[in-house]
Amino acid sequence: MGMDISTAFIHAGNTTDPVTGAVNIPIYQTSTFRQKRLGGGVEWEYSRSGNPTRAALERLIAQLEAGSHGFAFASGLAALTTVFSLLKAGDNVVFSRNVYGGTFRLLAQVFDHFNITYTVARGEAAEDFDAAISDKTRIVLVETPANPLLSITDIRAVADVAHARGALCVVDNTFLTPYYQRPLELGADIVVHSATKYLGGHSDLVAGLAVTRDADIATRLAFIQNASGAVLGPFDSFLLIRGIKTLGVRMDRHSENAARVAQVLQQHPAVRRVYYPGLESDPGFAVNARQSASGGAMVSFELADGYSYEKFFAALQLVALAESLGGVESLACHPATMTHAAIPAEVRKEIGISDGLIRLSVGIESARDIIADVAAAIDAARCR
Ligand SMILES: *Cc1c(COP(=O)(O)O)cnc(C)c1O
């Protein structure tokens, strides 16, 4: 409809109440809807199949991701479960080494039981994905930037490779959000989100979303969403619509702060290496700049020899040691023992997740305060 995405965050999806004109869609906290007569066609029947608050969110995310149909789920993993449920026994999924740990576990320990197999691409380049695809592959899953090394994959190149081999390209767009990156416009077939992160933005809900612009895929996702039932409730749908209204201003501030933190870390003598695709020196910079409008707000780094990450985490005061990301508050995590602990130590080492790796989710506090806290913790991390 031609409106700028910053306007769409607030006005897309018709999230005003059609009945009263309330500017915020009400929380339709109901499981069922009274029907006027037997067999009369009704818009709303039962809230697993459809709920007006959830439907408003689904219209909103569809429009933001330049898709035609959106679906809201109880978590990001519930969204991914629904997408993988498009497959049948014998089918194969290809993803890269840096895939989200929970996604790996879902495929390796749940879908595996149903003989849906997976293949791990050796790297993040389109050729690595191409080499991993077999004639059984039906889904190629991309995360970019991928966690925790913020590695970048060329979405258009992987979508082309997937399509040439008869597979769908699914992109997990959690880290950059539609404000910065719209995978459907780059050739992807389905976009998924852990809306728990930036879309919600306040660390107060767990939610997942999926979007497509393909009518057949949409029909199948809608069927599976209703048949398997991991839908998002009305209250969380309302909170997520509310969070999305400020996505643009939050992401501006998040990424501005992250760029400053990354620059300070890069110049710090006690930092060995910084991973941030918004830095020109980062190996993913050029591809990321071509397909998105920002390096995002996740920054990972390693301390130099003679500095202890244990001491670093113990010294943080403002920045909280916590799992998750994308909330207004800055968080720090230790991938080796937290988000990526399920990956065997040898594999972690092979893919470059060192024991000393530190991951920051840079919040929207004053950049000065965040930098002061991180710098003080680095000083305190020196081994004497
Ligand atoms: C958190 C996360 C998920 C899982 O989402 P939940 O909402 O926790 O189920 C999937 N992908 C990425 C990239 C994530 O960061």
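**View 1. Lining of the largest cavity in a predicted model.** Val261, Val264, Leu265, His268, Ile371, Val374, Ala375 and Ile378 line the largest cavity. A cavity is a set of points, on a 1 Å grid over the protein atoms alone, where a 1.4 Å probe fits but cannot get out; lining residues have an atom within 4 Å of a point. The model is predicted: local features need pLDDT of at least 70, side-chain atom pairs count only at pLDDT 80 or more, and totals for chains, interfaces and linings use all residues. Residues are numbered from 1 along each chain as its sequence is written, and side-chain values use heavy atoms, without hydrogens and water. The largest cavity holds about 50 Å³ of space. The lining has seven nonpolar residues, one polar and no charged.

**View 2. Helices at the cavity.** α10 (247-267) and α14 (367-380) each supply at least two lining residues. α14 gives the largest share, four residues. Helices are DSSP runs (H or I, at least four residues), numbered from the N terminus.

**View 3. The Phe84 and Phe111 pair.** The model has nine aromatic pairs. Phe84 and Phe111 form an edge-to-face pair, 5.7 Å centre to centre with 75° between the planes. Ring centres in a pair lie within 6.5 Å; planes under 30 degrees apart are stacked, over 60 edge-to-face, the rest tilted. Phe84 sits in helix α3 (residues 76-84), and Phe111 in the loop between α4 (101-109) and β3 (117-121), 27 residues apart. Both Phe84 and Phe111 are buried (under 20% relative accessible area, 1.4 Å probe, protein chains only).

View 4. Tyr179 and Tyr180 form a tilted pair: 4.9 Å centre to centre, 40° between the planes. Tyr179 is buried at 15% relative accessible area; Tyr180 is buried at 9%. Ring pairs link Phe9, Tyr179 and Tyr180 into a cluster.

Conventions
1 Å grid on protein atoms, 1.4 Å probe; cavity = no way out; pocket = protein on both sides within 12 Å on 5 of 7 lines; lining within 4 Å. Points joined across faces, edges and corners; volume = space filled by probe spheres on them. Nonpolar A, V, L, I, M, F, W, Y, C, P; charged D, E, K, R; others polar. Phe/Tyr/Trp six-rings, centres within 6.5 Å; stacked < 30°, edge-to-face > 60°. Buried < 20%, exposed > 50% of the residue type's maximum accessible area, 1.4 Å probe, protein only.
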